[in-house]
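The following note reviews the model in numbered points. Please read it alongside the coordinates.

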Amino acid sequence: MSNSDSATDAPDADGSGTADIAADPVDDATDSVTVYSDYVCPFCYLGRQSLAQYREARSEPLAVDWHPFDLRAGKRNPDGSIDHEADDGKDEDYYAQARENVRRLKEQYGVEMAQEIATDVDSLPAQVVSVHVKETAPEAWPSFDEAVFEALWQDGRDIGDREVLADLAADVEGLDADAVETALGDDDLRERVTGLFDAARERGITGVPTFAFDGHAARGAVPPEQLERLVEGA
């Protein structure tokens, strides 16, 4: 097992594409890396820690284009709810190996986590709100994005709960709790977010995190030096 979450048993993706959402605003950034991720993926959280370390070490700013991905797509009912009894091919051995990999990467990146796996959490509400924030308050999006990751993986909160999301939004400068109700009440937005999930798969993304830059990609919570090779060696 790699240090990534896969939607299927397909081989690692090497495709990439330009995200459909505006880049993380970084003053004077000339480069931008696309990150395909799902908030419920522990390797996406760990991969963001690696990316943060790489960005901090860079002499030039690096912007981030976030593209949402739905790890639960194969288990969703027509109404969008999750059928937790559906067989997604991930057995106890899969999750045991995943936990071992999470523990290894936690130590490697010096990260504390409240939990190693979050199989009962639905990230769809968080992703819908995150897209809304990205589109309507892009300056606030990096802080909201970080808050969602930390709420789940640092504090063990349920980011599928709209009250939790409202609390997070209220604590982000430039946002308020109303942004959550606006986003979650927008059926057209939810449909567009589902379209973004489909677009990722059409580009060959089968697992997350996937980092894409200039036609090249790296999949998994890869170390900062591999991200450096991806971006600066392209």
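**Notes on the predicted model**

1. Strands (E, at least two residues) and helices (H or I, at least four) are DSSP runs, numbered from the N terminus. The model is a predicted one, in which local features need pLDDT of at least 70 and side-chain atom pairs count only at pLDDT 80 or more, while totals for chains, interfaces and linings use all residues. Residues are numbered from 1 along each chain as its sequence is written, and side-chain values use heavy atoms, with hydrogens and water left out.

2. β2 belongs to an open sheet of four strands, ordered β3-β2-β5-β6, with mixed pairing; two strands pair if DSSP finds at least two bridges between them. The edges are taken by β3 (62-68) and β6 (216-219), each of which has a single partner strand, so one side of each is left without a neighbour in the sheet. On average, neighbouring strands are turned by 25 degrees against each other, direction ignored; axes are lines fitted to C-alpha atoms, for helices over the stretch in contact, and angles run from 0 to 180 degrees between N-to-C directions.

3. The pairing may be followed strand by strand. β2 and β3 are parallel, with seven bridges, and Val35 has Trp66 in β3 as its bridge partner. Three bridges join β2 to β5 in the antiparallel sense; here Thr34 is partnered by Ala212 of β5. β5 (residues 210-213) and β6 are likewise antiparallel, joined by four bridges, and Thr210 is paired with Arg219 of β6.

4. In β5, Thr210 and Ala212 point one way and Phe211 and Phe213 the other way, and all are buried. The hairpin of β5 and β6 has two residues between the strands, and Asp214 takes a positive phi near 50 degrees in it.

5. Two helices lie across β2 and β3. α3 runs at about 135 degrees to β3, and α7 runs at about 105 degrees to β3.

6. Which residues have the most contacts inside the largest nonpolar core? They are Leu46, Phe144 and Ile159, in a core of 55 residues (a nonpolar core is a set of buried Ala, Val, Leu, Ile, Met, Phe, Trp, Tyr and Cys residues joined through side-chain atoms within 4.5 Å). At least two residues of this core come from each of α1 (42-57), α2 (92-109), α3 (124-136), α4 (141-153), α5 (162-170), α6 (178-184) and α7 (187-202). α4 gives the most, with eight residues. Apart from this core lies another, of 13 residues, including Tyr54, Leu62, Leu227 and Leu230.

7. Phe144 touches (heavy atoms within 4.5 Å) Ala126, Val129, Ser130, Val133, Leu165, Leu168, Ala169, Val172 and Leu175, not counting residues up to four places away in sequence.

8. α4 also supplies seven residues to the lining of the largest pocket, the largest share. Arg48, Arg55, Pro142, Asp145 and Glu146 are the closest to the centre of this pocket among its 15 lining residues. The elements that give two or more residues to the lining are α1 and α4.

Methods: Buried means under 20% relative accessible area, exposed over 50%, partly exposed in between (1.4 Å probe, protein chains only). On a 1 Å grid over the protein atoms alone, a cavity is a set of points where a 1.4 Å probe fits but cannot get out, and a pocket is an open set with protein on both sides within 12 Å along at least five of seven lines; lining residues have an atom within 4 Å of a point.
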